[in-house]
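Here is a short report on one protein chain. Keep the sequence and the 3D view open while reading.

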Amino acid sequence: MTNIISSSSISPLICFFVFFFWLGHGGAQGIQHSAAAINGADKIRSQFLHLLRTRRSPQVPLTVEPSKPVRHPLFQQVPTPTFSEAMESCPKADIKNLKERLKEENFYLHTEAGEQGRLPVLILSLKDSKQKRRPAVVLLHSTNKNKEWVRPLLEAYASREYIAIAIDSRYHGERAHNLTTYRDALVSSWIKGDTMPFLFDTVWDLIKLADYLTQRKDIDPKRIGITGESLGGMHAWFAAFVDTRYAVAAPIIGVQGFRWAIDNDKWQARIDSIKAVFEEARVDLGKSAIDKEVVKKVWNRIAPGLASIFDSPYSIPAIAPRPLLILNGADDPRCPLDGIKTPTKRARKAYAKAHSSKNFKLIVQPGIGHEMTSLMVKEASDWMDRFLKQ
């Protein structure tokens, strides 16, 4: 194993001092709107980071353990997916014998004690790049898939002089043992309340991943982007929210309004994707059917604050002024457009106050449900090029 001397700098740590200093002075008179917005973002980041720490295993030094390529990755769905037209469509540089010119790295990054603290990482890059420090992009998979699934995206970004990184999210890929590992972890979280397998535990891993990436000699620490599909889009959203070292974000079919869905009875499609935990809660709560009370209690238990203080109306504007592209389908039942009206309105206001309106964009593709399309992949790719290749 290789020890990493981690600064664990993540600006949210500084946020604790900034926030309490600001509170102690009652807020400066005549403070500029943009500064006030930043202070508000610091506060919510500090609160979220505190939450992440409340359900952590004992901390260990950030270390790297070499591993081997995964030849038969585990998918927790039947039938096993074999091809993604959208991923294959990602723009590539015209390089002869690209696969032979790619450098592949496989290793585990130890982010905390315990089995799930062993983060599998896959990195692709060009062997013969002339750039000393390159931009990097983290690409995150959807529910029941794995880091190997996004390999077409890794190869495309690597061909364009990026360091391209993928991980297995918690209870997925190498961190899973069978077809029900993720489902079982969600149910266990409801019963025991000691882990946060839906979103938040993987966000902790992404913070630790940023610790590692910013110390690599071949990566420009100020040019790290993050994107992902569905569950991966949610991970990208929350990682960019809590950790400002993710300089550019492009969540795909991930951003939604959890509280809005409860209040407007539009939660069904989202809970159907992880229904077992809601059924477990329904039985425990003595309900004959899953209803909004069950949904609210499950979110509060397995992802505290997801449907309140850390929901999109608060966490999305906190990404400002860093570039943020949100990509959704117009007919997506899991991410209803009406549910993101408030967060996008607040985001535009936050970006405007920071004099960075050009850094925020929402793309809604007509006639598309919960599906990542070739258009979305290309738009995310262009967004990364626009802000990471300057």
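Glu161 sits in the loop that runs between α4 (151-159) and β6 (163-167). The model is predicted. Glu161 is not a glycine, yet its phi is positive, at about 70 degrees. Glu161 counts as partly exposed because its relative accessibility is 22%. Ile253 also has a positive phi, of about 40 degrees, and is not a glycine. Its place is the loop between β8 (248-252) and α8 (258-263). At 1% relative accessibility, Ile253 counts as buried. Most residues other than glycine have a negative phi, and most peptide bonds are trans.

Two prolines follow cis bonds. The bond from Val78 to Pro79 is cis, with omega near 0 degrees. Pro79 is in the loop between β2 (63-66) and α3 (85-88). Ala320 and Pro321 are also joined by a cis peptide bond, with omega about 10 degrees. Pro321 falls in the loop between α12 (312-315) and β9 (324-329).

## Nonpolar cores

The largest nonpolar core has 82 residues. Phe48, Phe198, Phe200, Leu209, Ile226, Phe238 and Trp299 touch the most other members. Leaving out residues up to four places away in sequence, Leu209 touches Leu109, Val121, Val138, Ile165, Ile167 and Tyr246. Another core, of 39 residues, lies apart from it; Cys90, Ile95, Ala247 and Phe387 are among its members.

Is Leu109 buried or exposed? Leu109 counts as buried, because its relative accessibility is 0%. Leu109 belongs to strand β3 (residues 102-110). Beyond four places in sequence, its contacts include Leu62, Thr63, Val64, Leu119 and Leu209. Leu109 and Val64 are 45 residues apart in sequence, but their C-alpha atoms are 4.8 Å apart.

## Rings and charges

The count of aromatic pairs is 16. Ring pairs link Phe48, Phe198, Phe200, Trp237, Phe238, Phe241, Phe258, Phe278, Trp299 and Phe310 into a cluster.

Two arginines sit over tyrosine rings. The charged end of Arg118 is over the ring of Tyr108, 3.8 Å from the ring centre. That of Arg160 is over the ring of Tyr157, 4.7 Å from the centre.

## Annotated domain and confidence

An unreviewed UniProt entry places the feature "domain: Peptidase S9 prolyl oligopeptidase catalytic" at residues 202-374. Over this stretch the chain is 43% helix and 16% strand. Its end C-alpha atoms are 26 Å apart.

The protein chain has a mean pLDDT of 92, and 90% of its residues reach 70 or more. Over residues 5-35, pLDDT stays under 50. For those residues the model has 40 contacts beyond four places in sequence.

Conventions: Residues numbered from 1 in each chain as written. Predicted model: local features only at pLDDT ≥ 70, side-chain atom pairs only at ≥ 80, totals over all residues. Heavy atoms only, no water. Phe/Tyr/Trp six-rings, centres within 6.5 Å; stacked < 30°, edge-to-face > 60°. Lys NZ or Arg CZ within 6 Å of the ring centre and 35° of its normal. Core = buried A, V, L, I, M, F, W, Y, C linked by side-chain atoms within 4.5 Å. Buried < 20%, exposed > 50% of the residue type's maximum accessible area, 1.4 Å probe, protein only. Contact = heavy atoms within 4.5 Å. UniProt positions renumbered as here; feature names shortened; annotations may be inferred. Helix = DSSP H or I, 4+ residues; strand = E, 2+ residues; numbered from the N terminus. pLDDT = per-residue confidence, 0-100.
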